Amino acid sequence: MEVTFSEPGKVYCPGEKVVGRVLVTVAEVTRVSAVRLLATGVAKVFWSKGSHQCKQEMEYLQIQDTLRMEDQACDNDGSVILRPGNQYEYKFSFELPKGPLGSTFKGKYGSVNYCVKICLDRPSLPAQEIQKGFEVVDLVDVNTPDLMCPVSGKKNKKTTCLFIPDGSVSLSASINRKGFCEGDEICISADFENTCSRIVVPKAAILAKHTYLAKGETKVFTQKLCSVRGNHIISGMTDSWRGKSLRVPKIKPSILGCHILRVEYSLLIYVSVPGSKKIILDLPLVIGSTSSGLSSRSSSMASQSSQVSSEMSWVDLNIPGTPEAPPSYLDIVHEDHRLDSPTAPLLDELDSSCCESPIFMYAPEFKYMPPPMYTETDANCNNNCAR
């Protein structure tokens, strides 16, 4: 037996019709009493806690039907005889419920799966079964008023050094909406202030949070999907993000309506403080399946900016007497004296064995040969003087 769908690879939505067929071939004369279809959609969670197993299921879909061949004679009891050398086709179709369905998902401690199961019943013989899965995505519209509202927050943390007050670090951030889709750009507006004696680093990341519930127990799994970082902020200075953005990667939509499994996303904006805990601001996100149009607008803006830059390129071409650029450092410094690594390592990647305190940044001594002196001579100026 072989199960095929009329649209292979299609991702179905609630209310759509699933159409396919079952191809049957036999090696000897076989009497088939019935060919039954069972379409199921189930959310399952499972994990072990010592000798105790936490397991629970939630059903989204269950459709049963009996398939029949067209233009095929059958006996009074409804059975048919299949003969070798022929290929028999059973067609099927069913409609998915219009209510909320959990999107197809596979996580560490649970999953949501949809499949079509075909059972071929034979008198006095065990039934033969075959199944094939298909994908379903729940409709999550991010263009609703609730998901189009801005999201913002503030955080402040006082720091100490050897139990002595050492100033504070504060951050405030906002995004223009809560709902996004795959490929959208999340534009971040943030302000940071550092009044402590340490050098801090602002960062942002999209975080996925999977929550599994079974028999009163809860299991949570988190994963960082993508991130971006800003410049170091020294003591007594501030920094602002205007236009810093993160692109939503290829991920599954949020699953919020399931009682045993939840898939949630959030934007974390945090500041790494050496010798202290991070300051974390959590802004909730909802990833939907209906396009928000942000990615198309971003690409349109990028194309417009590239067009403007190409139109303005004549400015550089028409300036007379533009001096030649100086040679590259790599062209004039011998390979043995080139700098292979940055002189100042990042704070969060610094090995504690390099210096005695993790609070201050360590910069190794610069021992490489400096580039030779370079001077410019304007040929136009010399010609004018000679005249």
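Strand β3 (residues 17-24) is joined to β8 by 8 bridges, and the two run antiparallel. Strands here are DSSP runs of E with at least two residues, helices are runs of H or I with at least four, and both are numbered from the N terminus; two strands pair if DSSP finds at least two bridges between them. One of the residues involved is Leu23, whose bridge partner in β8 is Glu89. The pair belongs to an open sheet of 3 strands, ordered β1-β3-β8, with antiparallel pairing. At its edges sit β1 (2-5) and β8 (88-95), each pairing on one side only. On average, neighbouring strands of this sheet are turned by 25 degrees against each other, direction ignored, going by axes that are lines fitted to C-alpha atoms.

All of this comes from a predicted model, where local features need pLDDT of at least 70, side-chain atom pairs count only at pLDDT 80 or more, and totals for chains, interfaces and linings use all residues. Residues are numbered from 1 along each chain as its sequence is written, and side-chain values use heavy atoms, leaving out hydrogens and water.

Zooming out, the chain has 4 helices and 21 strands. Of its 387 residues, 35% count as buried, meaning under 20% relative accessible area with a 1.4 Å probe and protein chains only, against over 50% for exposed and partly exposed in between. Among contacts (heavy atoms within 4.5 Å) between residues at least 6 apart in sequence, 69% join residues at least 24 apart.

Then there is Lys215, in the loop between β17 (201-214) and β18 (217-229). Its phi is near 50 degrees, a positive value in a residue other than glycine. Most residues other than glycine have a negative phi. Lys215 counts as exposed because its relative accessibility is 55%.

Note on methods:
Axes fitted to C-alpha atoms, helices over the stretch in contact; angles between N-to-C directions.
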